[in-house]
Amino acid sequence: EHTAVPMDESHWTVTSEEYRFEEYLGVKSIFLPSGTAQLNDVVFHNGVFEFDIAFPKGRGFPGVFLRIQDDNNAEELYVRPHQSGNPDANQYTPSFNRTAGWQLYHGDGYGSPVEYKYNAWNHVKLVISGTVGEVFINNMDEPLFQIYELKHGDKQGPIAIKGNANSHFANFSYSLMDHPALKLPIKELPEMEANIISNYWVSSVVEDAVIEGKTWLKAKEMPELAWHEPTVEHTGTINIAKNIARSEGHNTALVKVSITSDSDQIKRLDFGYSDEVLAYVNGKLVYGGNNIFRTRDYRYLGTIGFFDSLYLDLKKGDNEILFAIKEGFGGWGMKARIDDKSGLKFK
């Protein structure tokens, strides 16, 4: 059964400084330039939901939150009107502890190029089954793209539309079903490559000022920190925000890699990080980097990959590599690989 949801105060809980339920382009809609409107009394697990969205030409990120866990954790799909026709015209990203991860999750499985209509209705449909989703825009028969892996896992929770960029929403409807049909075969996620590092420890949040300017740092010198082993995705990415939350002036975490080497040797480590990093090898500061959105030029996204390298001066025996990673917005995480793991043990 497909349920249509009227656009009125009785069906939505709106959290926004400005909104209006009004007729727009011939249909009842909500004008939602910011904030959210959560659908009342519906817990969404698997099924289909769809809606129309209209926006002016210009920069914006309107969309929808689904399987909301709480105010800080949800899955998110949004469109980028200013990127119409480009590879990043839209975005699936998880939000963990109020940190959306689009700089960690980009490309195939997270978005796809499509043209939008401005100041007119664009139709969006999502089919969600387990940890897989399919995204349709403007009544296409085949999905625009498949979300291969919903990062929160097989959860359930409310749905909310996300306002931005003077957007209107209309014609919202949904169906709840255990096993909705998917158009595309479910993609098998590849095994992690052998040279990717998968042994990490991540600290609790560190005050930014404590790390700034430090040219020497070892984990044992900060006994007040708590450490956990993060989930390492098949791509090698760790999403730091999964387990810890940032706050004003506390946007830094330490990521530790412990390596036992069978000899004194130098190994190349390729890595990516978001947003800023200081890297320490056996206590000594050896690298500093800034990967913040638009820091290199106005088109620079700050997405992560194995783009940077440092050469580890490893001593025979135990070695400690520490990355102090500071987040601004758009994804808090890193990934790393060593070109040659021979003679090394990770713990």
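Helices (H or I, at least four residues) and strands (E, at least two) are DSSP runs, numbered from the N terminus. By that reading the protein chain has 1 helix and 26 strands. This is a predicted model, in which local features need pLDDT of at least 70 and side-chain atom pairs count only at pLDDT 80 or more, while totals for chains, interfaces and linings use all residues. Residues are numbered from 1 along each chain as its sequence is written, and side-chain values use heavy atoms, with hydrogens and water left out.

**Overall form**

The protein chain has a radius of gyration of 22 Å, which agrees with the value near 20 Å that a compact globule of 347 residues would have; the radius is taken over C-alpha atoms, and the globule rule is 2.2 Å times the number of residues to the power 0.38. Along the principal axes, the C-alpha atoms fill a box of roughly 70 × 40 × 35 Å. Of the 347 residues, 53% count as buried, where buried means under 20% relative accessible area, exposed over 50%, and partly exposed in between (1.4 Å probe, protein chains only). Among contacts (heavy atoms within 4.5 Å) between residues at least 6 apart in sequence, 74% join residues at least 24 apart.

**Cores and aromatic groups**

A nonpolar core is a set of buried Ala, Val, Leu, Ile, Met, Phe, Trp, Tyr and Cys residues joined through side-chain atoms within 4.5 Å. The largest nonpolar core holds 40 residues, of which Trp12, Phe49 and Phe172 touch the most other members. A second, separate core of 32 residues includes Ile197, Leu269, Tyr273 and Phe346.

The structure holds 18 aromatic pairs; rings of Phe, Tyr and Trp (its six-membered ring) pair if their centres lie within 6.5 Å, and planes under 30 degrees apart count as stacked, over 60 as edge-to-face and the rest as tilted. The rings of tyrosine 19 and phenylalanine 21 form an edge-to-face pair, because their centres are 6.0 Å apart and their planes stand at 85 degrees. Tyrosine 19 is partly exposed at 29% relative accessibility, and phenylalanine 21 is partly exposed at 24%.

Two charged side chains lie over rings, which requires NZ of Lys or CZ of Arg within 6 Å of the ring centre and within 35 degrees of the ring normal. The charged end of arginine 80 sits over the ring of tryptophan 102, 5.7 Å from its centre, and lysine 125 lies over the face of phenylalanine 136, at 4.7 Å from the ring centre.

Strand 15 (residues 167–176) is mostly covered, with 8 of its 10 residues buried.

| Partner strand | Bridges to strand 15 |
|---|---|
| Strand 1 (residues 3–5) | 3 bridges |
| Strand 4 (residues 27–32) | 4 bridges |
| Strand 6 (residues 47–54) | 7 bridges |

Within strand 15, phenylalanine 172 stands opposite valine 5, phenylalanine 169 stands opposite isoleucine 30, and alanine 170 is the bridge partner of aspartate 52. Asparagine 171 is also found in strand 15; its phi is near 55 degrees, a positive value in a residue other than glycine, and asparagine 171 is partly exposed, with a relative accessible area of 41%.

Elsewhere, 4 strands form an open antiparallel sheet in the order 18-25-20-23. Strand 18 (238–239) and strand 23 (308–314) stand at the edges with a single partner strand each, so one side of each is left without a neighbour in the sheet. Strand 18 pairs with strand 25 (residues 333–338) over 2 bridges in the antiparallel sense, and asparagine 239 has glycine 333 of strand 25 as its bridge partner.

**Backbone details**

Most residues other than glycine have a negative phi, and most peptide bonds are trans. Asparagine 139 has a positive phi of about 60 degrees although it is not a glycine; this residue lies in the loop between strand 12 (132–137) and strand 13 (145–147) and is exposed, with a relative accessible area of 62%. The peptide bond from serine 274 to aspartate 275 is cis, with omega near 10 degrees, and aspartate 275 is placed in the loop between strand 20 (265–274) and strand 21 (276–281).

Notes. Two strands pair if DSSP finds at least two bridges between them.
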